[in-house]
Amino acid sequence: MLIHSTWTLSVSEPTILPRSYNLELVKLLHHKIGLELGSEVIPSISFSGICGLHTTSYDFFTFQPQEFYQLSLCGLKESSSKALSLLNLNESLEFLGAKFNIINRDDKITSYEKLYTNLVANEPEPIRQFKFKFITPTAFAQGGLTLPIPIPTLMFRSWLERWNNFAPVYLGNDELIAYLSHAIFLKHHNIKTRSWQLQRGYVNGFVGDVTLQIFNRADPLLANVANLLVQYALFAGTGIKTRLGMGQTQSI
């Protein structure tokens, strides 16, 4: 089971939170779900933080009553997804003295088997171009460095690691990544760097739009595997610290 749950939120008055609020919020949500934060090497929950238009002043965000905001949580394995599906936030979400009213909840539910069957096993016509919107700062860890750059190989490696860890269908390892690195290239991007505040310090990541292209010579089966991982990114997120709000990804 895979689930992507999105809550639409609003505030009744201007609401101020510290830029590092995400850690407190994700702790609260994990507690409500019944999961221990940080107990997994590869997190089975991804988290978006509160997304939407807000103003920034020094180390604080201000959320405005005329705006709507979104909060997303995704479950990547059966137990986490079931716990998330049962999460009831009632009419409001309250933490750090702030109160967000809950307007709506939308759930997208599928399974690894269904994704694999529809996108690979049924041998659909391959999709050769992928367009993404990175909603929250996205970065990759490589060689002790943090890279705020949309490198296709690192994107696919991130998704494949999570897929192979949680899915009943194994897709491959370094050989698959090596093939995709020669079959897919970055065609276009419109990104900017943005910092993501943590409890201690911050991480730089990129946000914005990215387009990847597959060469026509690429094997159709492996092109479909690439598309499978692209669709999986909606649930898994991309790159590092997805459990803390980074790497929220939409395929557009």
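Residues are numbered from 1 along each chain as its sequence is written, and side-chain values use heavy atoms, with hydrogens and water left out. Because the model is predicted, local features require pLDDT of at least 70 and side-chain atom pairs count only at pLDDT 80 or more, whereas totals for chains, interfaces and linings use all residues.

Helices (H or I, at least four residues) and strands (E, at least two) are DSSP runs, numbered from the N terminus. Two strands are taken to pair if DSSP finds at least two bridges between them. An open sheet of four strands has the order β12-β13-β9-β14, with antiparallel pairing. From one strand to the next, the twist averages 15°. Strand β12 runs antiparallel to β13 (residues 202–214), and the two are joined by 13 bridges; within this pair, asparagine 190 stands opposite aspartate 209 in β13.

Another open sheet comprises three strands in the order β2-β5-β4, and its pairing is antiparallel. Here β2 (15–18) and β4 (54–57) stand at the edges with a single partner strand each, so one side of each is left without a neighbour in the sheet. The twist in this sheet averages 25° from one strand to the next. Four bridges connect β4 with β5 (residues 60–63) in the antiparallel sense, and threonine 62 in β5 is the bridge partner of threonine 55.

Angles run from 0 to 180 degrees between N-to-C directions, and axes are lines fitted to C-alpha atoms, for helices over the stretch in contact. Helix α5 lies across β12 and β13 and runs at about 110° to β12. Helix α6 lies across β9 (129–138), β12, β13 and β14, at about 30° to β9.

Two packed helices are described by the angle between their axes and the distance between the axes. For α4 and α6 (residues 220–236), the angle is about 80° and the axes are 9 Å apart. These helices are therefore roughly perpendicular to each other (angles under 35 degrees count as roughly parallel, over 145 as roughly antiparallel, 65 to 115 as roughly perpendicular and the rest as oblique). The contact involves Phe156, Trp159, Leu160, Arg162, Trp163 and Phe166 of α4, together with residues of α6 including Leu229 and Tyr232.

A cavity is a set of points, on a 1 Å grid over the protein atoms alone, where a 1.4 Å probe fits but cannot get out, and lining residues have an atom within 4 Å of a point. One cavity of 30 Å³ or more is counted, and the largest cavity has a volume of about 30 Å³, volume being the space filled by probe spheres set on the points. Its lining consists of Pro152, Thr153, Phe156, Ile177, Leu180, Ser181 and Ile184. The elements giving two or more residues to this lining are α4 (152–166) and α5 (174–183). By class, the lining has five nonpolar, two polar and no charged residues.

Notes. On a 1 Å grid over the protein atoms alone, a cavity is a set of points where a 1.4 Å probe fits but cannot get out, and a pocket is an open set with protein on both sides within 12 Å along at least five of seven lines; lining residues have an atom within 4 Å of a point. Ala, Val, Leu, Ile, Met, Phe, Trp, Tyr, Cys and Pro count as nonpolar, Asp, Glu, Lys and Arg as charged, and the others, Gly among them, as polar. Contact means heavy atoms within 4.5 Å.
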